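The following exercises are to be worked with the sequence and the three-dimensional model in view. Each task is followed by a solution in steps.

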Amino acid sequence: MDLPRLIGMVHLGPLPGSPGFTGDLDAVIAAAVSDAEILTEAGFDAVMIENFGDAPFFADDAPKVTIAALTSAVNAVYDATRIPTGVNVLRNDGMGALAIAAATPASFIRINVLSGTMYTDQGPIVGQAAEVARMRAAVCPDVAVMADVFVKHATPPAGLT
């Protein structure tokens, strides 16, 4: 896959299982599709979907219902836009993102902390690069992994700049 130059973010509303979920997943997905269509029409090369409305987030293992809902959203957005689609499972569930990518047309994922440790409002988050590399190779080797360097909304360990 050629990496996109410009990726538009599709922030999902609260999904099933999150405190703010209103009971209408179809409405959340319809809003995501609408946002993705607007981004596509504006010339974005790709879109990335994340469960932004699910705060407060689990540090590194999102509930299964979150993974299922994100999978539905990725499929719906891709079906509507047919542009490269990625997924980020907040706060830092790279394994969940890979599972979604393996079951959808997603061509890339984002992981906030792939290696090392960052301090966040969810506590310390430790990257799982080895686990991610192995699962990617096993279930979706063509999916690109995009990772942050010193992710926003986090503090690196003392001495790192």
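Helices (H or I, at least four residues) and strands (E, at least two) are DSSP runs, numbered from the N terminus. The model is predicted, so local features need pLDDT of at least 70 and side-chain atom pairs count only at pLDDT 80 or more, while totals for chains, interfaces and linings use all residues. Residues are numbered from 1 along each chain as its sequence is written, and side-chain values use heavy atoms, with hydrogens and water left out.

**Exercise 1. Backbone geometry**

Task: Locate His 153 and Arg 82, and state what phi shows for each.

Solution.
Step 1. His 153 belongs to the segment after β7. Its phi is near 60°, a positive value in a residue other than glycine.
Step 2. Arg 82 sits in the loop between α2 and β3, and phi of Arg 82 is likewise near 60°.
Step 3. Accessibility is classed as buried under 20% relative accessible area, exposed over 50% and partly exposed in between (1.4 Å probe, protein chains only). His 153, at 66%, is therefore exposed, and Arg 82, at 55%, is exposed.
Step 4. Most residues other than glycine have a negative phi, and most peptide bonds are trans. A cis peptide bond joins Ala 55 to Pro 56, with omega about 0°; Pro 56 is in the loop between β2 and α2 (64–81). Another cis bond joins Leu 90 to Arg 91, with omega about 10°, and Arg 91 is in the loop between β3 (85–88) and α3 (94–103).

**Exercise 2. Salt bridges**

Task: Identify the salt bridges and the parts of the chain that they link.

Solution.
Step 1. Apply the criterion: a side-chain nitrogen of Lys or Arg within 4 Å of a carboxyl oxygen of Asp or Glu. The count is three.
Step 2. Arg 5 pairs with Asp 45 at 3.4 Å, N to O. Arg 5 is in the segment before β1 (7–11) and Asp 45 in the loop between α1 (25–41) and β2 (46–50), 40 residues apart. Arg 5 is exposed at 75% relative accessibility, whereas Asp 45 is partly exposed at 23%.
Step 3. Arg 110 pairs with Glu 50 at 3.6 Å, N to O. This pair joins strand β4 (residues 108–111) to strand β2, across 60 residues. Arg 110 is buried at 14%, and Glu 50 is buried at 5%.
Step 4. Arg 110 also forms a salt bridge with Asp 148, the closest N and O atoms being 2.6 Å apart. Asp 148 lies in the segment after β7, 38 residues from Arg 110. Through shared partners, Glu 50, Arg 110 and Asp 148 form one network.

**Exercise 3. The largest pocket**

Task: Describe the volume and lining of the largest pocket.

Solution.
Step 1. On a 1 Å grid over the protein atoms alone, a pocket is an open set of points where a 1.4 Å probe fits, with protein on both sides within 12 Å along at least five of seven lines; lining residues have an atom within 4 Å of a point. The volume is the space filled by probe spheres set on the points.
Step 2. The largest pocket holds about 300 Å³. It is lined by 15 residues, and Phe 52, Phe 57, Leu 90, Lys 152 and His 153 are the closest to its centre.
Step 3. Count Ala, Val, Leu, Ile, Met, Phe, Trp, Tyr, Cys and Pro as nonpolar, Asp, Glu, Lys and Arg as charged, and the others, Gly among them, as polar. The lining then divides into six nonpolar, four polar and five charged residues.
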